[in-house]
Amino acid sequence: MLQSLSQRETGGFNFENSRRNAELESSLSENGFKGPNPRKTGTTIAGLVYKDGVILGADTRATDDMVVADKNCMKIHYIAPTIYCCGAGVAADAEITTQIMASNVELHSLNTGRRPLVAMVTRQLKQMLFRYQGQIGASLIVGGVDVTGPQLYSVFPHGSYDKLPFLTMGSGAAAAVSVFEDRFKPNMELQEALSLVRDAVAAGIFCDLGSGSNVDLCVISQSGVDFKRGYEQAATRGQRGGDYRYKRGTTAVINKTITNLSLELVQESVQTMDQD
Amino acid sequence: MLSSLSFGDTGKMKEYHYTGAVEHRFSPYAFNGGTVLAVAGEDFAIVASDTRLSEGYSIHCRDSPKCYKLTDTTVIGCSGFHGDCLTLTKIIDARLKMYKHSNNKMMTSGAIAAMLSTILYGRRFFPYYVYNIIGGLDEEGKGAVYSFDPVGSYQRDTYKAGGSASAMLQPLLDNQIGFKNMEGVQHVPLTKEKAVQLVKDVFVSAAERDVYTGDALRICLITKEGMDEQTIPLRRD
């Protein structure tokens with residue numbers, strides 16, 4: 001270990017930990033153990049620019065391999081009053097990266113005395129993600145309105161970005177982008193744009209196994225932000241027909257001990273609860 | 001993209017050289033998802049499966065049930081690799097016909113189970129990637145469930161879940177049908193109506209949490225009157 005440190009005289013990035021991680025993973029799998037899997041969001045996220053601003057959309061399913069971990073998680077994150085970010089990929093990476101961005105943007109905005117630009121958020125994101133050489137698995141769509149107008153960017157885990165009028169990312173990106181490619185027009189009205197983003201996210205929800213549950217939309221325009229959490233419940237759960245309540249005493253009581261505490265009664269109030 | 005692997009210890013780029021023959025692995029199997037469930041009652045049996053066929057993150061078909069009728073009193077549920085499911089059911093159908101023509105009677109559920117075990121073990125070293133559950137009526141008219149592993153080990157059960165959501169369904173069945181982990185509960189025998197309702201509810205829950213289960217549920221109810229099928233919609237996301 002010491003030998004390799006002294007030999008390494010080159011400057012730049014140090015990725016010793018990723019080599020160590022790879023060795024750990026292979027030695028773990030030799031003994032039959034699996035390293036912990038980070039939870040991925042599966043996901044369909046989409047964004048488009050319409051006449052007055054930007055609309056971001058996302059599904060709400062988080063998966064642990066192929067089991068649903070969260071049926072209603074929030075994938076549209078706040079960055080600044082008029083800038084929001086959808087996150088796909090590793091759930092923790094997307095969440096923490098956007099929180100770091102939000103705090104950096106606040107400080108930068110106080111420093112400059114100006115409202116933040118979407119381009120500034122994108123630049124900070126890509127510089128951070130490139131620094132980590134793709135080890136942070138966050139794919140993000142950044143959208144917002146600033147002094148230069150409505151803007152939409154996508155940022156990939158390795159640090160590349162694209163500025164486009166409509167974007168989709170995540171495992172359901174292919175399903176969503178096909179809807180956009182069919183019906184997108186520049187300068188759409190709000191209602192038409194809303195229904196288009198809703199249809200794109202719904203395509204991901206139904207055609208991609210990694211996405212599901214509800215559609216969240218976020219409309220950002222000059223007049224403000226309209227966060228439509230739970231805009232539509234695209235897939236509803238079935239009704240349970242039988243009654244599966246357990247009667248009192250179904251769980252076996254093996255041992256019961258009562259310990260009296262010596263307390264001084266200061267105040268007494270009674271609240272009734274449902275009893276069966 | 002230049003990765004850190006292409007740089008050697010000195011910091012200079014490694015020279016490109018041909019590493020020799022590289023083996024590309026082709027996998028003959030695919031996992032097409034799906035869940036099957038069978039319950040045996042006093043004089044009936046139920047075999048149920050979802051109807052979604054998937055691969056990777058995509059859906060191939062929303063209407064591909066995994067229950068196959070073998071005889072008037074026996075249904076088999078097969079989940080796993082769809083190619084092997086289709087071939088295996090064709091082979092079982094052919095063997096059933098051969099038996100009928102040479103023995104002049106239909107195979108009983110127990111006989112089909114024993115035969116399936118030998119068919120599966122015959123491919124011990126290149127297995128059928130199929131999780132089978134047979135449900136039907138035995139010679140006395142009582143419900144019977146036989147569950148298999150991919151290479152032919154089988155046993156008779158009262159209830160069994162197999163396929164992708166089996167780990168979610170089996171504990172619930174253990175509790176509701178086997179009365180496990182409960183105390184002071186009357187062991188009432190399972191009625192047809194209660195069993196069908198339980199199967200529907202259990203699949204509704206599985207569709208919530210397993211991405212491979214959904215779209216629709218096909219229930220085959222086998223009684224001495226014959227086989228009755230019903231299809232219930234499930235979550236499609």
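In chain A of this predicted model, T97(A), I100(A), M101(A), N104(A), V105(A) and H108(A) of helix α3(A) are in contact (heavy atoms within 4.5 Å) with M120(A), V121(A), Q124(A), L125(A) and M128(A) of α4(A). The residues of this contact comprise 7 nonpolar, 4 polar and no charged, where Ala, Val, Leu, Ile, Met, Phe, Trp, Tyr, Cys and Pro count as nonpolar, Asp, Glu, Lys and Arg as charged, and the others, Gly among them, as polar. Helix α3 spans residues 91-112 of chain A and α4 residues 118-131 of chain A, and their axes come within 10 Å and cross at roughly 130°. Helices are DSSP runs (H or I, at least four residues) numbered from the N terminus; axes are lines fitted to C-alpha atoms over the stretch in contact, with angles running from 0 to 180 degrees between N-to-C directions.

Between the chains, 34 residues of chain A are in contact with 31 residues of chain B. About 2,700 Å² is buried between chain A and chain B, 54% of it on carbon and sulfur atoms; buried area is the accessible area (1.4 Å probe) that two parts lose on being put together, summed over both. On the chain A side, M66(A), L209(A) and Y244(A) lose the most area to chain B, together 26% of what that side buries. The two chains share 3 salt bridges, each a side-chain nitrogen of Lys or Arg within 4 Å of a carboxyl oxygen of Asp or Glu. One of them joins R237(A) to E208(B), with the closest N and O atoms 4.0 Å apart.

Residues are numbered from 1 along each chain as its sequence is written, and chains are lettered from A and ligands numbered from 1 in the order in which they are written. Local features need pLDDT of at least 70, side-chain atom pairs count only at pLDDT 80 or more, totals for chains, interfaces and linings use all residues, and side-chain values use heavy atoms, with hydrogens and water left out.

Notes:
Helices (H or I, at least four residues) and strands (E, at least two) are DSSP runs, numbered from the N terminus.
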